[in-house]
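Trainee: I have a model open and would like to go through it with you. Could we take it one question at a time?

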Amino acid sequence: MRRPEQGPWPYLFLAPAMVLFTLFLAVPIGYTVYLALHRTRVSGLGLGKGARREVYVGLENFAAALADAELWAGWLRVLGYGTLVLVVMLGLALLFALLLDSARVRLARFSRIAIFLPYAVPGVAATLLWGFLYLPSLSPIRDVLDVDFLSATTVTYSMANVAVWGGTGFNMLALYTTLRAIPRDLYEAARLDGASELQIAIRVKIPMLTPAIILTTVFSIIATVQVFTEPTALRPLTNTISSTWSPLMKVYRDAFVTGDLYSAAATSIVIAAIALVLSFGFLRVVRDRAFGEG
């Protein structure tokens with residue numbers, strides 16, 4: 001039987017999405033790759049027509065980025081920061097999701113909104129709000145705790161607190177939505193077998209949540225690798241955060257402070273590649289448990 005011809009309509013419906021994808025994703029990525037493969041060469045004193053030329057340099061910018069000690073120092077800081085954020089944020093998200101899914105929970109709707117609400121606050125605004133709470137001259141917390149939250153030894157924890165405060169609600173909602181999709185008959189069967197609520201959570205809910213936990217972990221890894229808002233917004237309040245504290249801050253400095261767009265483009269591609277390796281490496285390690293693949 002001959003299939004009817006579809007005509008141009010499917011392509012017309014896809015056209016707006018394809019145009020947006022091309023303009024705001026494909027073209028910027030392509031231009032970034034172009035910049036990463038070029039550099040400006042200056043001849044003589046750099047004066048006059050033709051004294052500055054854009055030339056193809058191949059992988060020279062990538063080699064310089066990989067050999068940059070500042071970049072790897074930033075990665076080490078982000079590694080410590082990210083480990084702290086991932087463990088605390090995803091742990092709290094899982095705990096809140098399990099508590100809200102409990103049969104004995106009260107005020108569940110209000111609790112969901114209250115936990116999710118910080119995620120709706122823009123990152124810059126949230127960081128500045130916490131920054132004022134961290135300032136020794138303004139913070140009411142200093143009246144209770146004699147801790148300098150912006151010192152060299154505590155500033156990483158202060159930034160991690162902002163990220164955890166803002167990201168827990170989103171991950172909680174993703175996990176809670178998955179829990180609500182699990183058939184309730186499984187819980188009833190477990191209760192008939194004498195399982196307590198804690199045993200149901202550990203032996204039934206968490207194993208069935210494993211794919212959702214893994215996906216939220218991957219998204220959180222990508223977001224952590226790209227940390228920029230928290231250190232940048234807190235930097236004017238303290239001298240313990242350098243302009244290259246995170247890899248993306250170094251890209252910003254190279255591109256918009258020193259004006260070296262070529263190095264910034266190469267570094268941004270290196271960051272994207274490392275984020276890709278970390279994400280897919282994590283998925284490869286846990287894919288058996290998550291998706292039943294060998």
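Trainee: Which residues does Asp254 touch, not counting residues up to four places away in sequence?

Mentor: This is a predicted model, and Asp254 is placed in helix H10, residues 247–257. Leaving out residues up to four places away in sequence, the residues that Asp254 touches are Gly259, Asp260, Leu261 and Ala264.

Trainee: Is Asp254 buried or exposed?

Mentor: The cut-off for buried is under 20% relative accessible area. Asp254 has a relative accessible area of 6%, so the residue counts as buried.

Trainee: Which side chain does Asp254 join through a polar contact of 2.7 Å?

Mentor: Asp254 lies in H10, which covers residues 247–257. The polar contact of 2.7 Å runs from the side chain of Asp254 to that of Lys250.

Trainee: What does the side chain of Asp68 reach at the start of H3?

Mentor: H3 covers residues 69–100. At the start of this helix, a side-chain oxygen of Asp68 comes to within 2.9 Å of a backbone nitrogen, that of Glu70.

Trainee: How does the reach of H3 compare with the expected value?

Mentor: H3 has 32 residues, and the expectation is set at 1.5 Å a residue. From first C-alpha to last, the helix reaches 46 Å, close to the expected 46 Å.

Trainee: Which residue forms a salt bridge with Asp101, and where is that partner?

Mentor: The closest N and O atoms of the pair are 3.0 Å apart, and the partner is Lys205. The pair links distant parts of the chain, 104 residues apart: Asp101 is in the loop between H3 and helix H4 (108–120), and Lys205 is in helix H8, residues 197–225.

Trainee: Are Asp101 and Lys205 buried or exposed?

Mentor: Buried requires under 20% relative accessible area. Asp101 is at 3% relative accessibility and so counts as buried. Lys205 has a relative accessible area of 4%, so this residue is also buried.

Trainee: Why is Arg191 classed as partly exposed?

Mentor: The partly exposed class lies between the 20% cut-off for buried and the 50% cut-off for exposed. Arg191 falls in that class because its relative accessible area is 28%.

Trainee: What radius of gyration does the protein chain have, against that of a compact globule?

Mentor: The chain has 11 helices and two strands, and its C-alpha atoms fill a box of roughly 85 × 80 × 35 Å along the principal axes. A compact globule of 294 residues would come near 19 Å, whereas the radius of gyration of this chain is 25 Å.

Trainee: What share of the residues counts as buried?

Mentor: The accessible surface of the protein chain is about 18,000 Å², with 68% of that belonging to carbon and sulfur atoms. Of the 294 residues, the share that counts as buried is 36%.

Notes
Residues numbered from 1 in each chain as written. Predicted model: local features only at pLDDT ≥ 70, side-chain atom pairs only at ≥ 80, totals over all residues. Heavy atoms only, no water. Helix = DSSP H or I, 4+ residues; strand = E, 2+ residues; numbered from the N terminus. Expected span 1.5 Å × (residues − 1). Polar contact = N/O pair within 3.5 Å; in protein donor to acceptor, adjacent residues only side chain to side chain. Buried < 20%, exposed > 50% of the residue type's maximum accessible area, 1.4 Å probe, protein only. Contact = heavy atoms within 4.5 Å. Rg over C-alpha atoms; globule rule 2.2 N^0.38 Å. Areas by Shrake-Rupley, 256 points an atom, 1.4 Å probe, with all protein chains shown as cover. Salt bridge = Lys/Arg side-chain N within 4 Å of Asp/Glu carboxyl O.
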